[in-house]
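Please keep the viewer open as you read.

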Amino acid sequence: MGTLRTSSYMIPVKLESEKGKYMLIHGYTGAMDIVSESIVLYLKNNEIKKISSLTLQVLQKRGYITNKTKEEEIEYVERVAQALHKRDEILHKSFTWVVTYNCNFRCPYCFEKREYKDSSHRIVLTKSQVDQLFNAMTEIEPRKQLQAPVITLYGGEPLLKENKEIVTYIVQEGRKKGYKFHAITNGYDLDSYLTLLAPDLITLLQITIDGTKKKHNQKRKHFEDFNSFDKIISNIKLIFEKGLNVDIHIRVNVDNYNLEDFRDLYSYFRQLGFLAHKNFKVYSALIQDNKEVKENDKNDIDFLSESEYLKRHEKMGTITVCAGYNTVYKKIEYSVTAKKSLPLTAVHCTAQTGEYVFSPLKEIYPCWEVVGDKKFQIGTIKNNTISWNKNELKKWHTHDVTSSSCKHCKYVFLCGGGCLAMKSNQCNLFKRMIIKAVNTVYNSVYANMFNK
């Protein structure tokens, strides 16, 4: 047995509403415990002998104190990562369908091939292709219980008015087979799809609105309508007026140009009464400097660094609306309310375990962030069979936190490493989200549980 020491994967979070109290989190056991500041100081300074024997036993059992060396802890993390990755590879197969590459918007930050959108010919799924895609899903994972029950519709713009017939076919055929649908949409033609918005059809819409009217119309450019903002807002109002039971998630892609506008947009949604609906959510996402964005379009983007994005959101008091925060919050809330360890993951998303994105050009991609970029293509559908690019497939499906320096990080299994497609560093943002989420859960859930 080695000498007892403080684990390298201990995460102390100060409780802002409780003087002298901390929430301890352990990065690879998933333990969460409230302790005094003195215990945290003993642990930080590795003053194990000052801790009472009873407390020492509990801290050791929970993982905060260990007899493993730093190297042995890293080796243990690698073994846990392999097990977690294998579990997710077996249990989760997710499918996204690119209904069309065509789009009625010309957003400067779009990474997909512009020639697809601007072409005169329509690139859209046909009914025979739809049937092929359902067969391809079965070929990839024959066990229905191991397929995600939801198929995501993507583009281009999947819900173009002219796509109504094929989208209806997709959704109706999917319902017969037990699937529901989400749609990633710009929201412009939603008024043509109201009959497909229902709990057993399209159940969730992710709609992008990049600020209040002026900012949005300048950033999100419809190819002929210079005021797409009003049309999208009108469509959302229509959904609520008709009482359609569908989740609406508003994504606001931000750079230096429109980040400060976020609060005004949020206030506008409050004035409209949108925020009163439980199924309406708003979040912010940082526009990444993607290599596929054309140089001319980059002139219309004022890129922000992650640190500046974080700093500005903290200043505005809107850290809770950053992309990814809700996932962090739900994990911590679950752990506290269910009195179980935090759920752990060795990957950032399903692209690293079992995500398959089908395109109308019979391509298969591992992630919707790389759709249209042939160098990331993992397969091709030909004559009802799939031809795989095994090297590219392996690159995506074997990548986890052990593939980088993430295995040394105490947040390793809480964060999952960051986006492989964007290769972005989310470390500082994730740490701030953990602090905020812990304190929010404590104030709204944990304190109430113990103060009754």
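Let us begin with strand β2 (residues 10-14), which pairs with β3 in the antiparallel sense over five bridges. This is a predicted model, so local features are described here only where pLDDT is at least 70. Within this pairing, Val-13 has Met-23 of β3 as its bridge partner, and Ile-11 stands opposite Ile-25 in β3. The two strands form a hairpin with six residues between them. In that turn, Gly-20 has a positive phi of about 80°.

Strand β3 itself covers residues 21-26. How much of β3 is buried? Five of its six residues are, which makes the strand mostly covered.

## On to the next strand

Leu-24 stands opposite Asp-33 of β4. β3 and β4 also form a hairpin, this one with five residues between the strands. Gly-30 takes a positive phi near 80° in this hairpin.

## The chain as a whole

Stepping back, the protein has 15 helices and 15 strands. Its radius of gyration is 24 Å, close to the 22 Å that the globule rule gives for 452 residues, so the protein is as compact as a globular protein of that length. Along the principal axes, the C-alpha trace spans about 75 × 50 × 45 Å. Of the 452 residues, 53% are buried. Contacts between residues 24 or more positions apart make up 70% of those with a separation of 6 or more.

The accessible surface comes to about 21,300 Å², and carbon and sulfur atoms hold 49% of it. As for charge, there are 67 positive and 51 negative side chains. The centres of these two sets lie 5 Å apart.

## A cis peptide bond

Here is a backbone detail worth a look in the viewer. Gly-155 and Gly-156 are joined by a cis peptide bond, with omega at about 20°. Gly-156 has its place in the loop between β7 (147-154) and α6 (164-176).

Thr-350 lies in the loop between α12 (325-338) and β12 (355-358).

Leaving out residues up to four places away in sequence, Thr-350 touches Ser-94 and Glu-355. His-313 is 37 residues from Thr-350 in sequence and 27 Å from it in space, C-alpha to C-alpha.

Which value does phi take at Lys-362? It is near 70°, a positive value in a residue other than glycine. Lys-362 sits in the loop between β12 and β13 (363-365), and it is partly exposed with a relative accessible area of 40%.

Asn-384 is not a glycine either, yet it has a positive phi of about 65°. Asn-384 is found in the loop between β14 (379-382) and β15 (385-388). With 48% relative accessibility, Asn-384 counts as partly exposed.

β14 shows a covered face made of Gly-379 and Ile-381, and an uncovered one made of Thr-380 and Lys-382.

β14 pairs with β13 in the antiparallel sense over two bridges. In that pairing, Glu-363 stands opposite Thr-380 of β14. β14 is also joined to β15 by four bridges, and these strands run antiparallel. Lys-382 has Thr-385 of β15 as its bridge partner. β14 and β15 form a hairpin with two residues between them. Asn-383, in the turn of this hairpin, has a positive phi of about 50°.

Note on methods
Residues are numbered from 1 along each chain as its sequence is written. Side-chain values use heavy atoms; hydrogens and water are left out. The radius of gyration is taken over C-alpha atoms; the globule rule is 2.2 Å times the number of residues to the power 0.38. Buried means under 20% relative accessible area, exposed over 50%, partly exposed in between (1.4 Å probe, protein chains only). Contact means heavy atoms within 4.5 Å. Accessible areas come from the Shrake-Rupley method with a 1.4 Å probe; for residues, only the protein chains shown count as cover. Lys and Arg count as positive and Asp and Glu as negative; His and the chain ends are not counted. The place of a charge is taken as NZ of Lys, CZ of Arg, CG of Asp or CD of Glu. Two strands pair if DSSP finds at least two bridges between them.
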